[in-house]
Amino acid sequence: GGVFGAGILSLDDCVIEGNSAPGGNGNQYTASVPGFGGGAMLQSGGVWRQCTFTNNSAIYGGGICGGIASNCAMNCNSSQNGGGACSSLLYNCVFIDNSADGEGKRGGGAYQSTLYNCTVTRNTADWATGGGVYGCTLWNCIVVANTCFSPQDGNYYNSTLNYSCSSPLPAGDGNMDADPQFVDAVAGDFHLLGGSPCINTGTNQDWMVGAADLDGNPRLFVTRVDMGAYEFFVPAGIPADWQGRFGLPTNGSMDYWDSDLDGWLNWEEYQADTN
């Protein structure tokens, strides 16, 4: 609908908004010629970096279909299969308020894709299954508060989750069904609070070395990656696990306090490796 790439292609720092790929000839949809990639479609090898896909629509992949998306936002897109993305490889992306429209349609957020460190929330598949993801493989992701016709399948369906946060508790290594503790989900701030159980509970992978999260902060900030698109970042550079070891809040609020009244601030204690 917006961009088509038949070979190697990359888009950086773009906003792709209000496009559609209805299928068929022109705007006349026919089942034999479905529309792919309302915002963008790549047949092979293409990469989207730091792009935003908003209010696009298609039959497959309302936001994108195919290719690799890195540090992108999929917001308010719609399709019959994969409101945000279809058949894509996704790193450090957020999927918010996307939908799979129509009876029997699947994957409000993503459909038949692989997601690494993504946050998938508030997506819907009102008349089918997998409001968050359908037929996907996920690593280090947060998939919560998505809805569909079948309440127990609202977040994921026919998908494999690893070291991810969702409910009901997914089978597999490292998964949890706890509240991820977003800063302000109502206002659309899906960063993690200092007490979030998603901090330092993902699994490290080779692609993370030198990579950045959706904010541009180091993806590996401490020794173990966080779940979701945003790494929890301590302003003074004190690792959250060091603060937690001494009972300090991990949101940076006490980095410049002298908690034990010995004349040294907490960040100085950390730098000096003292207790």
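This note goes through the strands, cores and backbone of a predicted model.

1. Basis. The model is predicted: local features need pLDDT of at least 70, side-chain atom pairs count only at pLDDT 80 or more, and totals for chains, interfaces and linings use all residues. Residues are numbered from 1 along each chain as its sequence is written, and side-chain values use heavy atoms, with hydrogens and water left out.

2. The seven-stranded sheet. Seven strands form an open sheet with parallel pairing, in the order β2-β6-β10-β14-β18-β22-β26. At its edges are β2 (10-12) and β26 (160-162), each of which pairs on one side only. From one strand to the next the twist averages 10 degrees. The axes behind this angle are lines fitted to C-alpha atoms, for helices over the stretch in contact, and angles run from 0 to 180 degrees between N-to-C directions. Strands are DSSP runs (E, at least two residues), numbered from the N terminus, and two of them pair if DSSP finds at least two bridges between them.

3. Individual pairings. β2 pairs with β6 (residues 47-49) in the parallel sense over three bridges, and L11 stands opposite W48 in β6. Further strands pair as well: β4 (residues 20-21) and β8 (residues 57-60) are joined in the parallel sense over two bridges, with A58 in β8 as the bridge partner of A21. β8 also runs parallel to β12 (residues 78-81), and three bridges join them. Here S57 stands opposite S78 in β12.

4. Nonpolar cores. A nonpolar core is a set of buried Ala, Val, Leu, Ile, Met, Phe, Trp, Tyr and Cys residues joined through side-chain atoms within 4.5 Å. Buried means under 20% relative accessible area, exposed over 50%, and partly exposed in between (1.4 Å probe, protein chains only). The largest core has 26 residues, of which W48, F53, I64, L90, F95 and L115 touch the most other members. Leaving aside neighbours within four places in sequence, F53 is in contact (heavy atoms within 4.5 Å) with residues including I16, W48, I64, C72 and M74. Another core lies apart from the largest one and has 17 residues, among them I96, I142, I199 and M227.

5. Two asparagines with positive phi. Most residues other than glycine have a negative phi. N92, in the loop between β14 (89-91) and β15 (94-96), has a positive phi of about 55 degrees although it is not a glycine. N92 counts as buried, because its relative accessibility is 1%. N117 is found in the loop between β18 (114-116) and β19 (119-121), and its phi is also positive, at about 50 degrees. With 0% relative accessibility, N117 counts as buried.

6. A cis peptide bond. Most peptide bonds are trans. The bond that joins S167 and P168 is cis, with omega about -5 degrees. P168 lies in the loop between β27 (165-166) and β28 (182-184).

7. A glycine in a loop. G109 is found in the loop between β16 (99-100) and β17 (110-111). G109 is buried, with a relative accessible area of 0%. Its C-alpha atom is separated by 6.7 Å from that of A85, 24 residues apart along the chain. Leaving aside its neighbours within four places in sequence, G109 is in contact with G82, G83, G84, A85, F95, N123, G131 and G132. One of these, F95, is also among the residues that touch the most other members of the largest core.

Note on methods:
Helices (H or I, at least four residues) and strands (E, at least two) are DSSP runs, numbered from the N terminus.
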